[in-house]
Amino acid sequence: MDIKISPSILSANYANLGAELAKCSAAQLIHLDVMDGHFVPNISIGPPVIKALNKFCDIPFDVHLMISEPLKYIEAFADAGADIITFHVECDSDVNETINKILECGCRASLSVKPNTPIEAVYPYIDRLSMVLVMTVEPGFGGQSFMADMMPKIEKLRADFPDIDIQVDGGVNAETIKTCAKAGANVFVAGNAVFSSENPSATIETLMRNAKENFRN
């Protein structure tokens, strides 16, 4: 199982995102959080920003849609350069239709669950998903504390579907990544841990090493 680090630009310096992306050359994915101010109480970026960033970066874009009606915007995000599109099982769009649209647009499909949503909510769709994202904070803001009580979700998902990518997002750092990897996660979103460090590239390498040393398949 491949281990992947996905730095979240939500924690980057938005005044110089091109330079911030350049710090992440050691990463396997770039995580882009999209918020609509409705599904979550915050607003972030949209397709034009992602399209602009795509010109500066060859690393695959891991786009996380924290929006109420993702189905309406799948084509726009795919055209902007998304490689993986994650949306929430709790959204207002039809989940099957949204997955179909993502796949039709040539992207990989991923579903996410909020902390209060049981992991079994993604099971009816698992055969068409490349990844499942388990939120280890409430979605909508960076810098929140890691919720270790989400680990049983990861353990169950890994036991039931050993080959799927399992991503964690929220409070991931050099220590908490060990806990996530032991539970069975293999894809890790890290925001503050990367962009607040003096050496983001070295931090990404540390995250990778700690995850590999603790991963339980």
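In this predicted model, isoleucine 126 is located in the loop that lies between E5 and E6. The relative accessibility of isoleucine 126 is 13%, below the 20% limit, and the residue therefore counts as buried. Apart from neighbours within four places in sequence, isoleucine 126 is in contact with Val132, Leu157, Phe161 and Ile164.

Another of the partners of isoleucine 126, Val132, belongs to strand E6, which spans residues 131–135 and has five of its five residues buried. Side chains in a regular strand alternate between the two faces of the sheet. In E6, Met131, Leu133 and Met135 point one way, while Val132 and Val134 point the other way; all of them are buried. Strand E6 is joined to strand E5 (residues 108–113) by four bridges, and the two strands run parallel. Within this pairing, valine 134 of E6 is the bridge partner of valine 113. Strand E6 also pairs with strand E7 (residues 165–169), again in the parallel sense, over five bridges. Here methionine 131 has aspartate 165 of E7 as its bridge partner.

These strands are part of an open sheet of eight strands with parallel pairing, in the order E1-E8-E7-E6-E5-E4-E3-E2. Strand E1 (4–7) and strand E2 (30–35) form the edges, each pairing on one side only. From one strand to the next, the twist averages 25 degrees. Elsewhere in the sheet, strand E3 (residues 61–66) and strand E4 (residues 84–88) are paired in the parallel sense through four bridges. In this pair, leucine 65 is placed opposite phenylalanine 87 of E4.

Helices pack on the sheet as well as on one another. Helix H2 (residues 47–54) packs on the sheet and touches E2 and E3, its direction making about 170 degrees with that of E3. Helix H4 (residues 95–104) lies across E4 and E5 and runs at about 145 degrees to E5.

The largest nonpolar core contains 65 residues, of which Ile9 and Phe188 touch the most other members. With neighbours within four places in sequence left aside, isoleucine 9 is in contact with Tyr14, Leu17, Leu21, Ile30, His31, Leu32, Ile45, Leu53 and Phe195. Among these contacts, Ile30, His31 and Leu32 fall in the edge strand E2 (30–35), and Leu53 falls in helix H2 (residues 47–54).

Taken as a whole, the chain has eight helices and eight strands. Its radius of gyration is 16 Å, close to the 17 Å given by the globule rule for 217 residues, so the chain is as compact as a globular protein of that length. The C-alpha trace spans about 40 × 40 × 30 Å along its principal axes. Of the 217 residues, 53% are buried. Among the contacts with a separation of 6 or more, 63% are between residues 24 or more positions apart.

Notes
Residues numbered from 1 in each chain as written. Predicted model: local features only at pLDDT ≥ 70, side-chain atom pairs only at ≥ 80, totals over all residues. Heavy atoms only, no water. Buried < 20%, exposed > 50% of the residue type's maximum accessible area, 1.4 Å probe, protein only. Pairing = 2+ DSSP bridges. Core = buried A, V, L, I, M, F, W, Y, C linked by side-chain atoms within 4.5 Å. Contact = heavy atoms within 4.5 Å. Rg over C-alpha atoms; globule rule 2.2 N^0.38 Å. Axes fitted to C-alpha atoms, helices over the stretch in contact; angles between N-to-C directions.
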